[in-house]
Amino acid sequence: MTRLDIRAITLDLDDTLWPVWPAILRAEAALQQWLEQHCPRTAARFPVESMRALRAQVAEQNPQLAHDFCTQRMLSLQQALRDSGDDHGHAEAAYEAFFAVRNQVELYADSLTGLRRLGAGRPLAALTNGNACIGRVGLGEHFAFSLGAREHGAAKPAPSIFHAACARLGLAPHEVLHVGDDPHMDVLGARRAGLRAVWINRRGESWEHTEQPDLIVHDLIELADWLDGPVQASTDSATHIAR
């Protein structure tokens, strides 16, 4: 792979641009607070751990919604409200209390500078299985578009979601570089769909698969440094440009 091969970049969001669990935990707490104020019976019957278990149960009962976290959570809220004797019509407002805080993420230190540098010469697209909204997060200006699993109808590592992103970019898969933290969903999914793939390994983990990523980096700055480097340079598969 050479730098000239790459005409666009798709990026995962959760745990690639920000740590997802702190945002989820804050959002769950915000939902609990909202329920305590507006639907106290539901708040008492379904505190955070119980609401989390209910959502997991709803997900298990609805495998057709595996790609749609929004609907999973809405269904769990409606059921919690009904089971507690509260008006299930409150589900939409309850969900908004959750979702507003879920989008109040704390970016990794390199993310904003990295996005600016990566997007300076190529279009960027967000490609996510999660339900974060890049506009509400405050990153919309850096992306040509965002394609989520819910919108597409299937989640990574399905080849179709990668191919749909390439089609919107007007590029062949081999011209697009995907960047993500998950070895299976991001790296192997992208490579098997014909894209190039970068594993962003923020925690210094070991690669445990036979099939290799094209590059391994610790953060977006290292990827931008590689992309901004000498044009004639190239890499072998799984070159570790992070030291």
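**Salt bridges and a helix pair**

Begin by selecting Asp 214 and Arg 196, whose side chains form a salt bridge with an N to O distance of 3.7 Å. This is a predicted model. Colour the two residues by accessibility: Asp 214 is buried, at 5% relative accessibility, whereas Arg 196 is partly exposed, with a relative accessible area of 26%.

Next, select Arg 7 and Glu 175. Their closest N and O atoms are 3.0 Å apart, and the two residues form a salt bridge. This pair links distant parts of the chain, 168 residues apart: Arg 7 is in the segment before strand S1 (8–11), and Glu 175 is in the loop between helix H9 (159–169) and strand S4 (176–180). Arg 7 is partly exposed, at a relative accessible area of 45%, but Glu 175 is buried, at 16%.

Move on to Glu 151 and Arg 168, a salt bridge in which the closest N and O atoms are 3.3 Å apart. Glu 151 lies in helix H8 (residues 149–152) and Arg 168 in helix H9, so this contact ties together parts that are 17 residues apart in sequence. Here Glu 151 counts as exposed, at 52% relative accessibility, and Arg 168 as partly exposed, at 46%.

For the last stop, display helix H1 (residues 20–38) and helix H3 (residues 48–61) as cartoons. At what angle do H1 and H3 pack? The angle is about 110 degrees, and the axes of H1 and H3 are 10 Å apart. Angles of 65 to 115 degrees count as roughly perpendicular, so H1 is roughly perpendicular to H3.

To see the contact itself, show the side chains on both helices. On the H1 side, select Leu 25, Glu 28, Leu 31, Gln 32 and Leu 35; in H3 they meet Val 48, Met 51 and Arg 52. Coloured by class, the contact of H1 with H3 has five nonpolar residues, one polar residue and two charged residues.

Definitions and conventions. Residues numbered from 1 in each chain as written. Predicted model: local features only at pLDDT ≥ 70, side-chain atom pairs only at ≥ 80, totals over all residues. Heavy atoms only, no water. Salt bridge = Lys/Arg side-chain N within 4 Å of Asp/Glu carboxyl O. Helix = DSSP H or I, 4+ residues; strand = E, 2+ residues; numbered from the N terminus. Buried < 20%, exposed > 50% of the residue type's maximum accessible area, 1.4 Å probe, protein only. Axes fitted to C-alpha atoms, helices over the stretch in contact; angles between N-to-C directions. Parallel < 35°, antiparallel > 145°, perpendicular 65-115°, else oblique. Contact = heavy atoms within 4.5 Å. Nonpolar A, V, L, I, M, F, W, Y, C, P; charged D, E, K, R; others polar.
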